[in-house]
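Here is a quick briefing on some side chains and rings. Keep the structure open as you read.

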Amino acid sequence: MYYEYQDNNLFWKNTDLVEMVTLIEKELERDYSYTGPFYLYHKDILLHRLSYFQHSGIREKSNKPEFFYSVKSLSNVSILKIIGDNPLFGMDIVSGGELFRAKVADISPERIVFAGVGKTFPEIRNALEYGIKAFHVESLEELESISRIARSMGKKAGVALRMNPDVSANTHAYISTGKEENKFGIPVYEFSSALEILHNSSSLALVGMQAHIGSQILDVEPYKKTLEILMPMASQIPEELKTTFEYISIGGGFGIDYEHPLANDPDAKEFPVQSLLAYLEGVKKEFPYRIILEPGRFISAYSGLLLTHATYNKFKKDYRITITDSGMSELIRPALYQAFHPILPLVRNGRVQIPHDIVGPICETGDFFLKKYPVYPINPGDRLAIAHSGAYSASMSSNYNSRPMVPEYLLENNSFRIIRKPQTLEDMIKSETSLL
Ligand code: LLP
């Protein structure tokens, strides 16, 4: 997508990665005595991905945000700041931690919506305190809790009903959320009970309806089906509740192409955002409310890579195993969803590709990136870019095997800035030492 080789050196949207990574590694070693893997984000790519939504005809003149970036996909506050600088974007959060990040990134409360099946009372209280736009409510009990907490605080809570439309997203089972058996959303048969709770509460204002049917979706059809279910439901809302009603959100889930990383590959196929927006523009002509999207991966995935180093090779009869210095602690998607991430050497060597298992150092058989995948021979010390690691990579990282969290860098104007310092060993254990 954004990668190409020039004289066997890898370029990433015009950035010479060999040159840039060498400079970053020097800084990391000089300032932090650090020589391990790191995430690298490309501001131009991030802005380019945001621009996909920029010219959409579903925008209102009001300049209210129509797009709520899904913070969980890449939640570094410096990244949130860049996205928040675009007035079309608000933030879709799922925890008190993400609320905190959004506040630190200076996102104003009316640009925040709060999803998630298990919002705790303190999380609800803090969000009400800040005055967020809406809770995307996932159960009748949650709706009642929000009503009670808001009343006790003398506040009115904006709520949108997150419905479970029982629509298939044709995606991996672990990232399907809109089927009846999934834990997400209010079942359609409870819609009238939800309206009754709203009718009887003076501390709730119904601002919308929402559905998020899954992730890594590649065609528009499931969104059409979802809207065909939600729109007639919206028209059943009684007049007295409609006075505050503003939007239907069809969630996020817009998929990218993980398999064709090189620029201008004609086989690359990602979610057709423009077709969806064109369809929504048509819908809007007959539908009096705003339609909102919550993109995450579509914006962040291509914007990041994980830079790792080959440590050792093992030579099997007809393939090789290459071990790297990063693993499922930095990128768990292959282990969790059998996801594919292309691995591109910064310098392309050799003539013949040989099947490789490219694996991490963690003591788990599931800690691998690629299996029996043909690549040019890799030597210890070689630098590898694990592509499309902007989404659900750093944000899903962990300290497993007591590996400190790795640094994050941002490329900007052909220069670089650290946006998360490497976690030190002392940082990693500092809250555990009360018995020592
Ligand atoms: N809105 C809601 C309510 C969500 O739950 C999500 C993601 C999104 C929007 C954004 O979805 P996106 O556009 O990024 O697909 N860890 C998995 C993905 C989990 C998605 C969870 N919800 C992965 O690495 O594939």
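In this predicted model, the charged end of Lys372 sits over the ring of Tyr319, 3.9 Å from the ring centre. Lys103 does likewise with Tyr130: its charged end lies over that ring, 5.2 Å from the centre.

**A buried lysine**

- Lys119 belongs to the loop between β7 (112-114) and α5 (121-130).
- Lys119 counts as buried because its relative accessible area is 8%, and the cut-off for buried is under 20%.
- The Lys119 side chain reaches the backbone oxygen of Gly116 at 2.8 Å.
- The side chain of Lys119 also reaches the backbone oxygen of His136, at 2.8 Å.
- Leaving aside residues up to four places away in sequence, Lys119 touches Phe114, Ile124, Phe135, His136, Val137, Glu138 and Glu142.

**Aromatic pairs**

- A pair of aromatic rings is described by two things: the distance of the centres and the angle of the planes.
- The count of aromatic pairs comes to 17.
- One of them joins Phe67 and Phe89, a tilted pair with 5.5 Å centre to centre and 35° between the planes.
- This pair links distant parts of the chain: Phe67 is in strand β5 (residues 67-70) and Phe89 in strand β6 (residues 89-93), 22 residues apart.
- Phe67 and Phe89 are both buried.
- Phe287 and Tyr289 form an edge-to-face pair, 5.4 Å centre to centre, with 75° between the planes.
- Phe287 and Tyr289 are buried too.

**A ring cluster**

- Ring pairs join Tyr52, Phe53, Phe67, Phe89 and Phe298 into a cluster.

Notes: Residues are numbered from 1 along each chain as its sequence is written. This is a predicted model: local features need pLDDT of at least 70, side-chain atom pairs count only at pLDDT 80 or more; totals for chains, interfaces and linings use all residues. Side-chain values use heavy atoms; hydrogens and water are left out. Helices (H or I, at least four residues) and strands (E, at least two) are DSSP runs, numbered from the N terminus. Buried means under 20% relative accessible area, exposed over 50%, partly exposed in between (1.4 Å probe, protein chains only). A polar contact is a pair of N or O atoms within 3.5 Å; within protein, one must be able to donate a hydrogen and the other to accept it, and residues adjacent in sequence count only if both atoms are side-chain atoms. Contact means heavy atoms within 4.5 Å. Rings of Phe, Tyr and Trp (its six-membered ring) pair if their centres lie within 6.5 Å; planes under 30 degrees apart count as stacked, over 60 as edge-to-face and the rest as tilted. A charge sits over a ring if NZ of Lys or CZ of Arg is within 6 Å of the ring centre and within 35 degrees of the ring normal.
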